[in-house]
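This report is for a reader who is new to the structure shown below. Please look over the sequence and the model before reading on.

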Amino acid sequence: MNVVTPFEGIGASVKRKEDLRFLSGRGQYTDDIARPGQAYAYILRSPHAHARIRGIDAAAAKAMPGVVAIFTGADMTGVGSLPCGWQIHNKDGSPMAEPPHPVIAVDKVRHVGDPVAVVVAESKAQAKDAAEAINVDYEVLPAVATMEAALAPGAPQIHEGAPGNLCYDWHIGDKAVNDAAFANAYKVVKFETTNNRLVPNAMEPRAAIGDFDPATGEYTLYTTSQNPHVIRLLMGAFVLQIPEAKLRVVAPDVGGGFGSKIFHYAEEAIVTWAAGKLHRPVKWTAERTESFMSDAHGRDHVTTAELALDKDGKFLGLRVHTLANMGAYLSTFAPSVPTYLYATLLAGVYTTPTIYAEVKAVFTNTVPVDAYRGAGRPEATYLLERLVDVAAAEMGMDRVEIRRRNFIPADAFPYQTPVALQYDSGNYHATLDQALEVADWKGFEARRAEARARGKLRGIGISTYLEACGIAPSAVVGSLGARAGLYEVGTIRVHPTGSVTVLTGAHSHGQGHETTFAQLVADRLGVPVAQVDVVHGDTAKVPFGMGTYGSRSLAVGGSAMFKAMDKIIAKGKKIAAHLMEASVEDIEFDRGNFRVAGTDRSKSLAEIALAAYVPHNYPIEELEPGLEETAFYDPKNFTYPGGCHIAEVEIDPETGKVEMVNFTAVDDVGRVINPMIVEGQVHGGIAQGIGQALLEQAVYDENGQLLSASMMDYTMPRADDLPSVGVATHATLCTHNPLGVKGCGEVGAIGSPPAVINAVVDALRDYGVRHIEMPATPAKIWSIINAGRPKMAAE
Amino acid sequence: MYDFAYHKPTSIADAVKILSADPDARPISGGQTLLPALKHRLNKPSALVDLSAIAELRGIKRDGNKITIGAMTRHADVASNPEVKAAIPALARMAESIGDPQVRNRGTMGGSVSNNDPAADYPAAVLALNATLVTDKRRIAADDFFQGMFTTALEPGELLVAIEIPVPEKTGYAKMRNPASRYVMTGVFVARTGGNVRVAVNGAGPCVFRQTEMEKALTANWSPDAVANIKQSPEGLNGDIHGSAEYRAHLVTVMAKRAVADAG
């Protein structure tokens, strides 16, 4: 009989099963795969941000050693445009501008890095050599590198179908009600900010191998993807017109995604199409600089916000105007990020009664921008949590008190916000109080004084955040413009001897699913974690699922498994009732055992499974043999993790360098399955949040050249940039999924940036600093210190 | 990278012979700059002359008041050498602060000095310590060696063999790193040798340079306070997305102060 130790179920910090292969170099990543006879693709990319292609001469290149073929955009006849998965409508009800996104540029290039030709050769070096011999005749056009430049009258036009470089002009909220609230305000606090553009930089660069079997007509794409079924659907149906049955997409081990590997990229279509043309496998692997120029970037908002308050500091209304950079083309989910993943989050944890937000999405001659860890929610949280601090300062109120005064109370759930979302659960006072305690908020002034004696400026900052994840109810997102369902699928396959294989549409690229999901099975079915295998990332093995992003794998994918386990248990009860000659209603199931209630008669799951697969003594008239169940779970609502992050910093006033000295995170992620994995997810998210706040920025010059195109100029967070992070969880359970889970993948990146900047501004309070933009680099801080004389209060 | 011929001579004479015969051949020591450039196809040498098998280019020895460091000596060896640690402690600490363990176990002092990257560490030490650069042909004073961004007095085919450093009384080094690359954004090396003070600034300008006003002030009064109010002009200094020329100029004063404090 299988016995699950209490150390393996829900709540246990089981060591990650997958780490043995990762840490011993036995992971199988896309670039590790070598198909027999594979050729190598190198993609020639545009060095210009905006140019007309007058001609491409590849004759000399084609004759070079090892060259198998060279294809340009003109060769890809019949290949469709890369599709966009979300349609936003303008204020007037008309659909957004949705210009074509050719797999390889035709006629025009629109950003540095835009593919112009692909060389397929026997080796990568030969492909590169040949690419250098391709002569592209460019007519360089004036470029627009910023949203301001793109929207200016007379600006160069990037797409014929997007006049004024505008993708959409969207809004949410009741403007009249909002205006009225502002008319009655005691005070209106205005705040402008830029949310810095980021480059995701997963450790594993993107890679793709296209393969084609002429005998069967089947295509296989191996790719670094977070959602292989979505890629199969988008590429098969819209780009290459390959029916699902003839297209297999495999996303093997993937080394980090952070959103950047959700999207369907040109290179996936290029290698698949080329494999079909050449009847040879074709492999492409990005180099790091290529990643900078071709992976979708994140964030990049410019926002003006106004908060109306009454005399007691209660929020009366919020008004937001945001410009969101789409880059040169619409990436797969780009339009949803600054709308339904951003503006709907502007209530945060507060009771603000009216919110009006207007978002203009703008095309520029830059790499496309799409979801990056948090996707819209970090932008909303940063705006709100900085604005609340600014408001507190201008109202002369304590930063904590103004938050408490506006929190949605713990007894107000379910809570309907004025921007569409209905929160199911939360306790913001509790997470705040716990974080203040852990961070020793009260003792801070003594630490500030001690630091000052050492010549350092110490500051503390707080962020009380909320996010919506576990995406998403399909009908709801469908009504908002999503062109996909967002359910998840799970199959529980109980084998004849009682071991279990789980098939999931979620995809693990660092999250530890193989362990967390096994724990769900161990907890419920009583099968040891070692006997539960999780299969994901292969459309040939797993039913149609939607993948991993938006902190959805456990809340949606885990719930699907839970539902499948319901079916296993229900069927098992019938088999057990037959075997033990009892009535089904009398069978109780608890962690691996089917028992006749009130007796000591029981059958293990393994015995039931064996009976199901060897149905000699079996209710064959009523019940099919076998013990395998699949469930598709569509969530009823988003989930709403929230919590409190507190950052403590010290600034060296001579250099402007910020040292993170302390960081406390108290997150409500719902029920925790594996605390160690949750802690790791929160650590990683906070590292990226600190990266955004202090270090990272994609910088374009005015001609659209990416200045920060390598690690030499793009500041990735390193170990010594990060503090020791104190992580705690304070759970209120999600009320609408069977596991009570909310999601933990993005909270770190969402909650932390404003806490850090609030701390930096606090440290600089004697210099009269109202705001400092991210990233708060040493040079930027020094220029503030250099410009302002310390205004020592009460001296 | 592009194709190139590969040579691995075992003597200075053989290396020089190959380099003199082929103006497009490049010597390679630790490869910490040249290899990335080759990988990015930014450089197309006809041949690489690998200096790693030339024993006479390696090693550190003290001879009376002079320390001689072979051009092919790795950063890790400079950092851990007892003679260097005792006689020029700031140089040992500087070597320990370069890159990461992998870089320090590949990169060489001679390679860094010959490359004269404005954001490299060693040129500041070599200039402040008034070292002599010994080549296969001649001896060059540090003041004459560093001529501009990635430019030195070395002639085509000429090979740096060793760096001779008169043992100083005091040395100190402080730097602000570029946040992304961790190369030097602005660094200052101070040295007092035989009563003479020399102050060298790296990172801030297109080439390492001496800050003579600070040298005078420190000659009169060896203390951080002596340089605390000396302003470096931003004119001609580097500015980029990580910091303006004004910021770098400001850092010269801050790092000079800290370098003197470091020297004690």
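The sections below cover the basis of the model, its salt bridges and one of its sheets.

## Basis of the model

This is a predicted model, in which local features need pLDDT of at least 70, side-chain atom pairs count only at pLDDT 80 or more, and totals for chains, interfaces and linings use all residues. Residues are numbered from 1 along each chain as its sequence is written, chains are lettered from A and ligands numbered from 1 in the order in which they are written, and side-chain values use heavy atoms, with hydrogens and water left out.

## Salt bridges within chain A

Over all chains, the structure holds 66 salt bridges (a side-chain nitrogen of Lys or Arg within 4 Å of a carboxyl oxygen of Asp or Glu). One of them joins the side chains of A:Glu358 and A:Lys91, at 2.4 Å from N to O. The two residues are 267 residues apart and link distant parts of the chain: A:Glu358 belongs to strand β15 (residues 355-363) of chain A, and A:Lys91 to the loop between β3 (67-72) and β4 (108-109) of chain A. Strands (E, at least two residues) and helices (H or I, at least four) are DSSP runs, numbered from the N terminus.

A:Glu358 is buried, at 16% relative accessible area, while A:Lys91 is partly exposed, at 34%. Buried means under 20%, exposed over 50%, and partly exposed in between, with a 1.4 Å probe and protein chains only. In another pair, the closest N and O atoms of A:Asp312 and A:Lys311 are 3.9 Å apart. Here A:Asp312 is partly exposed at 38% and A:Lys311 is exposed at 60%.

## A salt bridge between chains

B:Arg182 and A:Asp720 form a salt bridge with their closest N and O atoms 2.8 Å apart. The pair joins two chains, because B:Arg182 lies in the loop between β11 (170-177) and β12 (184-193) of chain B, and A:Asp720 in the loop between α17 (675-695) and β28 (725-729) of chain A. B:Arg182 counts as buried, at 17% relative accessibility, whereas A:Asp720 is exposed, at 59%.

## A sheet in chain B

Chain B has an open sheet of 5 strands in the order β4-β5-β10-β6-β7, with antiparallel pairing; two strands pair if DSSP finds at least two bridges between them. At the edges stand β4 (60-63) and β7 (139-141) of chain B, each with a single partner strand, so one side of each has no neighbour in the sheet.

β4(B) and β5 (residues 66-70) of chain B run antiparallel and are joined by 4 bridges. B:Ile60 has B:Ile69 in β5(B) as its bridge partner.
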